[in-house]
Amino acid sequence: MSHDLRHISPASRKVRRQIETLSSTLTLPTVRLALGMLEGEHSSSRLGGNNDPMSTRDYTLEDEARLIDWKASAKQGHPMVIDRERLVTSRVHLLLDNGLEMQGRTASGETATEVAGNAMCMFAALSARRHDRISLVFADSLNIIRKPFKGGLAQFEKAIDDAVGAENRPPRNFEALLSYARTLNDKGSLVVIATDDHALSGDHLHSLRLIAAMHPLMLIDVTTLNPFRKVPFGQVTDGLSGRRIPAFMIGGQPADSVDTHRRYLTAQLREQLKASNATLIRATSSEDMFSQFIHLVSVTLKRTSFTSRQTSPVAAGGMA
């Protein structure tokens, strides 16, 4: 499905291509692990989990080594896999702050909406591979619009890009977005909320904790540019008044003070979310978001692989 990408920055389009490539090259077991590290789970009739056995079959290269049943393999003389019920949520809620303030620029030249939209495309790409039901929600001070998806990544990308290119947006209402998230009644479904660092405050932590108590929660926090840092794409201006930042204020103590304050707020927010078993990705660009997500998945897959080897019957001499 083709659509107009002229309003999307080159930096954002580059990461979008990386997301599309990644989604087509990851194996299904890897996709399940990548999302499984974040999501809550409940029983279903889908295969690929650790619940009740459903059938026995030959091992294939698409299967994870931890799924091999060594007793059955010893009887048959070759690796065998027992398919079991997989614990899944089957639904992913992607909530995007679509207010006027999200038109603020990041240090890469992208808008905050572009970075947040690419983060949503990342989750949609993995969820679509697993055939999950995706619910995309846009929120501002006038509307909360939900768009359910049953199609592929291309359809999802078009909806995101249409939102990015929209003009004359109303201001944000982040409180309304959090209130909507609290009304989601399918307990255990993954909730991803994307906004920028100006929307979040200490007053929102209570709502975030309540959401995290019912759902696995991922918060995408887009960091807009430091107004006192020199940028490579022109002068920094105030989004509402159009006034330029005076040249004598660029660099030095003002810029360092903003960076220090932001690092403190990030550390504080991360600890608060960690206490609620929620995850934070604070990104300065689409590339930064993509790198952080890949690192998070890689660390989890490495830890899962190590645990599997430690508990494998082969390591304990269970099968010659």
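**Close-ups of helices and salt bridges**

**View 1. What helix 5 hides.** In helix 5, the buried residues are Leu-153, Phe-156, Glu-157, Ala-159, Ile-160, Asp-161, Ala-163 and Val-164. Keep in mind that this is a predicted model. Helix 5 runs over residues 153-164, so count along and you get 12 residues, reaching 16 Å from the first C-alpha to the last, close to the 16 Å expected at 1.5 Å a residue. And what do the buried residues of helix 5 pack against? Their partners are helix 1 (10-25), strand 4 (91-97), helix 4 (112-129), strand 5 (133-139) and strand 6 (144-149).

View 2. Which residues of helix 1 are buried? They are Ser-12, Val-15, Arg-16, Ile-19, Leu-22 and Ser-23. These residues take up an arc of only 125 degrees around the axis, so they end up on the same side of helix 1. Turn to the other side of helix 1 and you'll find Pro-10, Arg-17, Ser-24 and Thr-25, which are exposed.

View 3. Are the two partners buried or exposed? Buried means under 20% relative accessible area. Asp-161 has 0% relative accessibility, so it counts as buried, and Arg-16, at 8%, counts as buried as well.

**View 4. Arg-91 meets Asp-186.** The side chains of these two residues form a salt bridge (3.4 Å, N to O). Arg-91 is in strand 4, while Asp-186 is in the loop between helix 6 (174-182) and strand 7 (190-196), so the pair links distant parts of the chain, 95 residues apart. Asp-186 counts as partly exposed, at 23% relative accessibility.

View 5. Asp-259 forms a salt bridge with Arg-229, and their closest N and O atoms are 2.7 Å apart. Asp-259 lies in helix 8 (residues 252-275) and Arg-229 in the loop between strand 8 (217-222) and helix 8, 30 residues apart. Both are partly exposed: Asp-259 at 21% relative accessibility, Arg-229 with a relative accessible area of 32%. A network of salt bridges also links Asp-197, Asp-221, Arg-262 and Arg-282. Across the whole structure, a search finds 11 salt bridges.

Terms used
Residues are numbered from 1 along each chain as its sequence is written. This is a predicted model: local features need pLDDT of at least 70, side-chain atom pairs count only at pLDDT 80 or more; totals for chains, interfaces and linings use all residues. Side-chain values use heavy atoms; hydrogens and water are left out. Helices (H or I, at least four residues) and strands (E, at least two) are DSSP runs, numbered from the N terminus. The expected span of a helix is 1.5 Å times one less than its number of residues. Buried means under 20% relative accessible area, exposed over 50%, partly exposed in between (1.4 Å probe, protein chains only). Contact means heavy atoms within 4.5 Å. The arc is that of the directions from the helix axis to the C-beta atoms. A salt bridge is a side-chain nitrogen of Lys or Arg within 4 Å of a carboxyl oxygen of Asp or Glu.
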